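Dear colleague,

I am handing over the structure we spoke about, and it is shown just below. Please look through it before reading my notes.

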Amino acid sequence: MTATLTQLSQQQGESAPIITYRVAMPHPESHLFEVVLLVQGYSLPVLDLKLPVWTPGSYLVREYAKHLQDFSAKAGENTLLWRKIAKNHWQVETANLDNQTIEIRYRIFANELSVRTNHLDATHGYFNGAAIFFRIPRLDTQPMQIAIAPQTDWQVTTPLPAVAGQINTYIAADFDTLVDSPFEIGKQQIYQFEALGKAHELAIWGGKSNIDPEKVIADTQKIIEVEAKIFGGLPYDRYLFLLHLSTQGNGGLEHKYACSLNYPRFGFRNVDKYNRFMQLVAHEFFHLWNVKRIRPKALEVFDYDRENYTPSLWFSEGTTSYYDLTIPLRAGIYDIKTFLQNLGKEITRYELTPGRWVQPVSESSLDAWIKLYRPEANSNNSQISYYLKGEMVSLLLDLLIREKHDNQKSLDDVMLKMWQQFGQEEIGFTPQQLQEVITSVADINLTDFFAKYVDGTEELPFNQYLEPFGLQIASDDGEPTPYLGIKVASEHGREVIKFVETSTPAHAAGIDPGDELLAIDGIRVTAAGISDRLQDYQGGDTIEVTVFHQEQLRQYQVTLEAPRPTSYQVKPVSNPTEEQQQNFAGYLGEDLQKLKD
Ligand SMILES: [Zn+2]
């Protein structure tokens with residue numbers, strides 16, 4: 001970046017104001033970022049300032065303005081009058097300023113360590129633009145400068161380009177870019193590496209851990225190469241992986257030129273946990289195409305004041321989840337057995353969520369704002385995650401396309417076409433256009449498929465799609481436990497019913513989530529022991545369940561049902577045909593017979 005802010009601003013128009021944000025953290029243990037916003041050359045009588053209520057990638061109104069305090073406004077020596085006119089909207093009187101620079105000061109309380117919030121303590125500072133920077137609505141498309149004043153021995157890491165000759169100073173082309181560029185400020189360990197000739201950086205904060213950065217980098221390089229191949233190259237010059245090591249966090253947030261990851265500090269030695277981390281890397285990296293550039297129409301222009309509704313998150317998130325399952329296999333990070341085990345776990349989660357009968361995945365996408373991010377006791381009865389069902393629908397689509405085209409085409413071709421048609425130019429796609437692209441690649445009429453599985457709640461016919469590839473779903477009955485329909489957890493010495501599944505014996509009897517479970521047939525029972533106790537009964541037996549319901553003792557007569565499957569596996573069919581073996585090899589790149597070893 002060689003152009004100065006003044007030059008860039010002038011390209012926007014003769015009299016475009018110059019916007020500079022300064023962020024200081026003189027007392028990091030107070031969790032307060034001190035922000036100064038300077039607006040130079042502003043000539044209108046009022047200045048509107050709005051703090052976003054959400055950040056792209058995390059579909060929940062988070063009310064970032066609740067963390068803003070100590071607002072003040074002045075120009076030169078003069079204090080400016082201001083008023084608050086909405087929860088996230090400040091208005092400053094700026095008439096007759098005589099070309100003086102407007103200086104807005106405020107502080108942001110930052111004590112929430114997640115990828116989509118802000119965190120500041122004695123060890124580091126991390127922030128997301130949406131949660132810390134005011135936008136000036138009429139100047140959203142202006143370039144803006146960000147100057148960080150860190151603690152003396154701290155350094156600054158961000159995907160934004162640095163301003164030459166100015167220390168810790170960066171430039172964002174517009175407000176969207178500012179919001180899309182997280183900052184890590186502290187003593188993070190920085191590793192530079194290359195992939196496909198492009199510069200990459202891994203920055204790690206969080207102290208002691210069992211991570212092996214060299215191994216993570218080697219596997220990340222493989223992921224980058226496999227994903228770039230799908231889309232025909234990397235659409236950037238530099239990409240940043242920001243990793244927070246925490247006690248038990250697990251999350252990621254995608255950006256165009258970076259991703260923020262949060263993962264348990266000791267989650268890197270155990271193979272399953274390590275694989276899950278690499279899936280997280282594959283997921284967030286895949287987003288740099290799918291959702292950051294290939295965007296649903298509703299996310300083409302972000303409205304930072306309110307929800308942006310789209311029925312297509314099943315594709316943006318669910319298809320990305322399907323790829324985070326397959327990419328590590330294709331990159332050689334895990335083998336086919338592990339892939340099929342992981343797929344079986346996802347199918348199990350899906351099959352054990354009764355909400356799949358109630359909510360179509362397109363509606364789940366639209367309602368992300370009020371449902372997925374706000375789980376409650378009835379959620380699993382009434383909702384299905386667009387991540388999970390979107391992943392399952394993507395599996396079916398991939399298999400459908402592969403079968404029809406003898407593995408010469410796949411969901412990869414859908415991704416490439418979506419990239420070429422919408423992503424490269426960042427033109428939002430409509431649900432109809434998405435369906436058209438998938439249909440054109442599949443070369444099959446998919447009207448019914450979408451009506452049943454995307455906009456409807458018909459059961460996904462896994463076996464019908466898996467069998468041509470020599471695979472099938474098998475349920476593992478394990479210990480045959482007669483079905484009651486509750487989930488119980490021990491909390492502070494009490495056994496609390498957390499979930500009651502609809503249309504089960506417990507639900508029919510009137511047992512409620514929140515009830516304290518006391519006894520079965522007069523004998524105390526615990527969360528840990530309930531499954532074992534129920535195994536002494538048969539489906540059809542009636543038991544007496546004793547609970548406290550809102551402090552009142554209640555007894556219910558409950559008739560148990562036959563045991564239900566508790567998990568599903570994806571297994572090879574017993575005598576695969578030649579064609580099944582070919583399809584399998586074309587899909588997963590190995591011999592089906594090897595699975596039997
Ligand atoms: Zn995602």
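Predicted model: local features only at pLDDT ≥ 70, side-chain atom pairs only at ≥ 80, totals over all residues.

Residues are numbered from 1 along each chain as its sequence is written, and side-chain values use heavy atoms, with hydrogens and water left out.

I begin with the sheet. It is open, has 5 strands in the order S15-S16-S17-S19-S18, and its pairing is mixed; helices (H or I, at least four residues) and strands (E, at least two) are DSSP runs numbered from the N terminus, and two strands pair if DSSP finds at least two bridges between them. Strands S15 (189–195) and S18 (251–254) stand at the edges with a single partner strand each, so one side of each has no neighbour in the sheet. From one strand to the next the twist averages 15°, where axes are lines fitted to C-alpha atoms, for helices over the stretch in contact, and angles run from 0 to 180 degrees between N-to-C directions. Strands S17 (residues 238–246) and S19 (residues 258–264) run parallel and are joined by 7 bridges. Helix H4 (residues 271–286) lies across S17, S18 and S19, running at about 160° to S19.

Next comes the metal. The zinc ion is coordinated by His283 (NE2), His287 (NE2) and Glu317 (OE) at 2.0 to 2.1 Å; donors are N, O and S atoms within 2.8 Å of the metal (3.2 Å for Na, K and Ca), and water is not among the atoms, so sites may look incomplete. His287 lies in the loop between H4 and helix H5 (313–330), whereas Glu317 is in helix H5, 30 residues apart. His287 is buried, with a relative accessible area of 0%, and Glu317 is buried at 1%, where buried means under 20% relative accessible area, exposed over 50% and partly exposed in between (1.4 Å probe, protein chains only).

Helix H9 is mostly covered, with 16 of its 19 residues buried, and just after H9, Asp406 takes a positive phi of about 50°.

Finally, Gln359 sits in the loop between helix H6 (336–351) and helix H7 (361–366), and Gln359 is buried, with a relative accessible area of 2%. A polar atom of the Gln359 side chain lies 2.9 Å from the backbone nitrogen of Ile384.

With best wishes

Key
Contact = heavy atoms within 4.5 Å. Polar contact = N/O pair within 3.5 Å; in protein donor to acceptor, adjacent residues only side chain to side chain.
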